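This report describes the fold, the ligand surroundings and selected residues of one protein model. The sequence and structure are shown first.

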Amino acid sequence: MSTTEKPGSQVISPRGSDTAAGGAPRATRLQAVRGMNDVLPDEAPLWQRVEDAARTVFAQYGYRNLRVPVVEATALFVRGIGDATDIVEKEMYTFADRLNGDSLTLRPEATAGIVRAAIEHSLTYERPQRVWTMGPMFRHERPQKGRYRQFHQLDAEALGFEGPDVDAEQIMMLARLWKALGLADVSLKINSIGDADDRLRHRALLIEHFERHRDVLDADAERRLHANPLRLLDSKHPPMQEAIRLAPRLIDRIGAPARAHFEGLTAALDAAGIAYEVDARLVRGLDYYNRTVFEWVTGALGAQGAIAGGGRYDGLAALLGGKPMPACGYACGIERLVLLLREQGGTAHDAPLAYVAHAGDAAARMALAVAESLRDRGHAVVVHAGGGSLKSQMKRADASGAAVALIIGDDEVAAGTVTLKPLRVAAPQSAVAVADVAARAASYAA
Ligand code: HAM
């Protein structure tokens, strides 16, 4: 994301203008919306590295791509994520469709949309499905490092699977992704929040407990005490911490089926050699979960340390009007992975193999032909455009990051050769026959 974040969004009339020094009207400069960042070309290679690694891992585990709209009916998220969650209460970009008054929302996450699509297209009618998606999500949060209003997720969902084998599979996929990206300093927290009746029983105990500690609750906790008491365990309000520590733990009270599920998960993780911490306070910020919940966290990103989160949501499909469908999934924040990679000194480049400089009309035509022949062999080639001296073209060649410059002037046209100049290693330039250019240039590839 762009590192230049804006101090505040400006309200600008659609045809806004002001007056330049000379009195002529000048259009007001428009800016990106606060918390919504540009990814500039110099930053994009790290993003692509993350996305490519994720695509490889998804394919390695048999997950197939599914794409859902960025805009959905508001009711989908209210029902799916839960009306007493932060996301639904205060973070959704919701608007009325001007043409028909429908209430629409920019998706704050992908799971609800994917389950809607699965129901709408009877995706799991014949067999369960493993799917993934990636793209922008929108939450009106206070922007800070690692937290944005438009952010991007990698998302995987196993639809129609009871687990706990797929729960473990998804955690293993993420471990593989961290390994592929070379990410260090990441750790795994898991918990079980049981089944609906476990949570109902626990809910009564929690309300009773926090009612005894009413004096330490902040306004948010007060409001949620009866609507969503589990969320109180997530509070960072310092005076509440002792009461949270003493609160009855849901994982100690889950029923036999949920316990067996959790034991199946931990056994699979142990067998795979994946270290985890059971965190009884891990409850997640979306209401659709049951049984398994997990988060991968890093200490390197301060308060925004969650790089991936997920869990099981066996009740969501029925909540959205479909047949019951057990399912499990997760999402990772791409911005946070990119930040973490950058903090660990990670780099990625997307430089072409060759930059072609040329002088004269015949040389320009030959430059295009040579470039096409290299591209036929799969190489990336930039042909200089826009004129200028050979010296200025060589500066561009250097800035492009290309491994070699190919220089074509009248002499080269006459001889049917190209002057090949290595740009990243100290080696002399040489005349190369056109037929040999690709092989010679490739020998200098990084
Ligand atoms: P989530 O925990 O809300 O879960 O988000 C998943 C990840 O998205 C977080 O761990 C974080 O890396 C990233 N993220 C969330 N909000 C922001 C933000 N404002 N700025 C930057 N990154 C952010 C879900 O969204 C669930 N749909 C995951 C899931 C899939 N559960 C089952 N299937």
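A residue is called buried if 20 or more other C-beta atoms lie within 10 Å of its own, exposed if 12 or fewer, and partly exposed in between, with C-beta atoms placed from the backbone. Gly305, with 18 C-beta neighbours inside 10 Å, therefore counts as partly exposed.

The model is predicted: local features need pLDDT of at least 70, side-chain atom pairs count only at pLDDT 80 or more, and totals for chains, interfaces and linings use all residues. Residues are numbered from 1 along each chain as its sequence is written.

Gly305 is placed in the loop between β11 and β12. Helices (H or I, at least four residues) and strands (E, at least two) are DSSP runs, numbered from the N terminus. Leaving aside residues up to four places away in sequence, Gly305 touches Val297, Thr298 and Gly299; a contact requires C-beta atoms, placed from the backbone, within 7 Å. Gly305 and Arg336 are 31 residues apart in sequence, and their C-alpha atoms are 8.1 Å apart in space.

Ser430 belongs to strand β18 (residues 430-433). Ser430 has 12 other C-beta atoms within 10 Å, and is therefore exposed. Between the C-alpha atoms of Ser430 and Glu295, which are 135 residues apart along the chain, the separation is 56 Å.

**The eight-stranded sheet**

Eight strands form an open sheet with mixed pairing, in the order β3-β7-β8-β13-β12-β11-β9-β10. Two strands are said to pair if DSSP finds at least two bridges between them. Because β3 (64-65) and β10 (277-278) stand at the edges with a single partner strand each, one side of each is left without a neighbour in the sheet. Within this sheet, β11 (residues 290-298) and β12 are antiparallel and share six bridges. Trp296 stands opposite Ala308 in β12. Helix α4 packs on the sheet, where it touches β7, β8 and β13, and its direction makes about 40 degrees with that of β8. Helix α11 also packs on the sheet, touching β8, β11, β12 and β13, with its direction at about 50 degrees to that of β13. For these angles, axes are lines fitted to C-alpha atoms, for helices over the stretch in contact, and the angles run from 0 to 180 degrees between N-to-C directions.

Helix α4 (residues 111-120) is mostly covered, as seven of its ten residues are buried. These are Thr111, Ala112, Gly113, Ile114, Val115, Arg116 and Ala118. They pack against β4 (71-73), α2 (74-81), β7 (129-138), β8, α10 (316-319) and β13. Just after α4, Ser122 adopts a positive phi of about 45 degrees.

**The three-stranded sheet**

A further open sheet has three strands in the order β4-β6-β5, with antiparallel pairing. Its edge strands are β4 and β5 (93-96), each of which pairs on one side only. On average, neighbouring strands of this sheet are turned by 35 degrees against each other, direction ignored. The two strand pairs are listed below.

| Strand pair | Bridges | Sense |
|---|---|---|
| β5 and β6 (residues 103-106) | four bridges | antiparallel |
| β4 and β6 | three bridges | antiparallel |

In β6, Thr105 is the bridge partner of Thr94, and Leu106 is that of Val71. The strands β5 and β6 form a hairpin with six residues between them, and Gly101 in the turn has a positive phi of about 80 degrees. Helix α2 lies across β4, β5 and β6 and runs at about 75 degrees to β4.

**Nonpolar cores**

A nonpolar core is a set of buried Ala, Val, Leu, Ile, Met, Phe, Trp, Tyr and Cys residues joined through C-beta atoms within 7 Å. The largest such core has 72 residues, and Leu174, Ile307, Ala327 and Leu337 have the most contacts inside it. Helix α5 (residues 165-181) gives the most to this core, with eight residues. A second, separate core of 27 residues includes Val356, Ala357, Ala397 and Ile407.

**Surroundings of the ligand**

Of the 28 residues around the ligand, Glu109, Phe151, Gly309, Gly329 and Gly333 come nearest; a residue is near if its C-beta atom, placed from the backbone, lies within 6 Å of the molecule. At least two residues of this shell come from each of β8 (150-159), β12 (306-312), β13 (327-333) and α11 (334-343). The most is given by β12, with six residues.

Technical notes: Two residues are in contact if their C-beta atoms, placed from the backbone, lie within 7 Å.
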